[in-house]
Amino acid sequence: ARIFEVATGRELARLIHDNSVLSAVVSPNGRLVATASSDGTARLFEVAGGKEVFKLVHGELVRSIAFSLDGKRLATASEDRAARVFEVASGKELVRLAHKGEVRNVVFSPDSKLLATTFSNLYLNAFEAHLFEVASGAHLARLVHEAEIQSVRFSLDSHLFATASRDKTARLWRSFPTTQSLVEAAKIRSPRCLTQTQRQQYFLSAAPPSWCIERRLWPYHGEEWQAWLPRQNAWLASGRLGEAPPLPKAE
């Protein structure tokens, strides 16, 4: 891998591996270069002078490498079926994320909290992207394509990410920072609500949530439910004094 001066095109440093270099990225502060190679290593170099800072040894070739935007973490994707996250300051491995196939891509979200990976396993006919929490290594999501995923990228707010695949599709996915944000999104997108019978089957109270009535979602779209909701809210505000307002006739 080589470092060049943008203004002149002059070569400033040459970064040596023992086999082909497959990826090279510059740190957010511009002081470091990380490389991934088919020699089974990822390496970190200083931009000024090209001195090797440390070498990260993997079991198989390292296909992709990425810095977190805060510059504190480095992630690698290897054909040894693992993505790894390292501390830039020390080279210490912080977490190893096992996959069921060759890991092809690693990308941090702009807020540095999430890591997206892609992997392929031809024998299992598996072509997937996965989402992890960087701090804990917790697995958050599994996203499936019908052919190898070539690329994955996050939106600037870290809430959306896109995958590009050989199955002739690019797909946009949403990540949710909290469970409540997922609930709120589901409420907005919901075309209908559970019926009272369905609620009882799931061991829920017969009374629907207020947002079903406020949004006039079937089967709580009628005027009888609009009249019932203020009475229900008043009863709740009173500390549940007396009997609850009777529910309108079931659908």
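This is a predicted model: local features need pLDDT of at least 70, side-chain atom pairs count only at pLDDT 80 or more; totals for chains, interfaces and linings use all residues.
Leaving aside neighbours within four places in sequence, Asn 19 is in contact with Ser 37, Ser 38 and Asp 39, and this residue lies in the loop between β2 (11-14) and β3.

- Although Asn 19 and Glu 46 are 27 residues apart along the chain, their C-alpha atoms are separated by 20 Å.

**The open sheet**

- An open sheet is formed by four strands in the order β3-β4-β5-β6, with antiparallel pairing, and its edge strands, each of which pairs on one side only, are β3 (21-26) and β6 (52-57).
- On average, and with direction ignored, neighbouring strands of this sheet are turned by 15° against each other.
- Strand β5 (residues 41-46) runs antiparallel to β6 and is joined to β6 by five bridges, and Leu 44 stands opposite Phe 54 in β6.

**The nonpolar cores**

- The largest nonpolar core has 15 residues, of which Ala 75, Val 85, Leu 97, Val 106, Phe 108 and Leu 115 touch the most other members.
- At least two residues of this core come from each of β8 (73-78), β9 (82-87), β10 (93-98), β11 (102-108), β12 (114-121) and β13 (126-133), with β11 giving the most, namely three residues.
- Not counting residues up to four places away in sequence, Leu 115 touches Ala 75, Val 85, Leu 97, Val 106, Val 107, Phe 108, His 130, Leu 131, Phe 132 and Val 134.

**The hairpin of β9 and β10**

- Strands β9 and β10 pair in the antiparallel sense over five bridges, and the bridge partner of Ala 83 is Leu 97 in β10.
- Five residues lie between the two strands of this hairpin, in which Gly 91 takes a positive phi near 80°.

**Helix α4**

- Helix α4 (residues 223-237) has 15 residues and reaches 22 Å from its first C-alpha to its last, which is close to the 21 Å expected at 1.5 Å a residue.
- The buried residues in α4 are Trp 225, Trp 228, Leu 229, Gln 232 and Trp 235, and what covers the buried residues of this helix includes α2 (196-201) and α3 (210-214).
- Just after α4, Gly 239 takes a positive phi of about 85°.

**The disulfide**

- The structure holds one disulfide, formed by Cys 193 and Cys 212, whose sulfur atoms are 2.0 Å apart.
- Because the torsion about the S-S bond of Cys 193 and Cys 212 is about -100°, this disulfide is left-handed.
- The pair links distant parts of the chain, 19 residues apart, with Cys 193 in the loop between α1 (179-189) and α2 and Cys 212 in helix α3.
- Both partners count as buried under the 20% limit, since Cys 193 has a relative accessible area of 5% and Cys 212 has a relative accessible area of 2%.

Methods
Residues are numbered from 1 along each chain as its sequence is written. Side-chain values use heavy atoms; hydrogens and water are left out. A nonpolar core is a set of buried Ala, Val, Leu, Ile, Met, Phe, Trp, Tyr and Cys residues joined through side-chain atoms within 4.5 Å. Buried means under 20% relative accessible area, exposed over 50%, partly exposed in between (1.4 Å probe, protein chains only). Contact means heavy atoms within 4.5 Å. Two strands pair if DSSP finds at least two bridges between them. Axes are lines fitted to C-alpha atoms, for helices over the stretch in contact, and angles run from 0 to 180 degrees between N-to-C directions. The expected span of a helix is 1.5 Å times one less than its number of residues. A disulfide is a pair of cysteine sulfur atoms within 2.5 Å.
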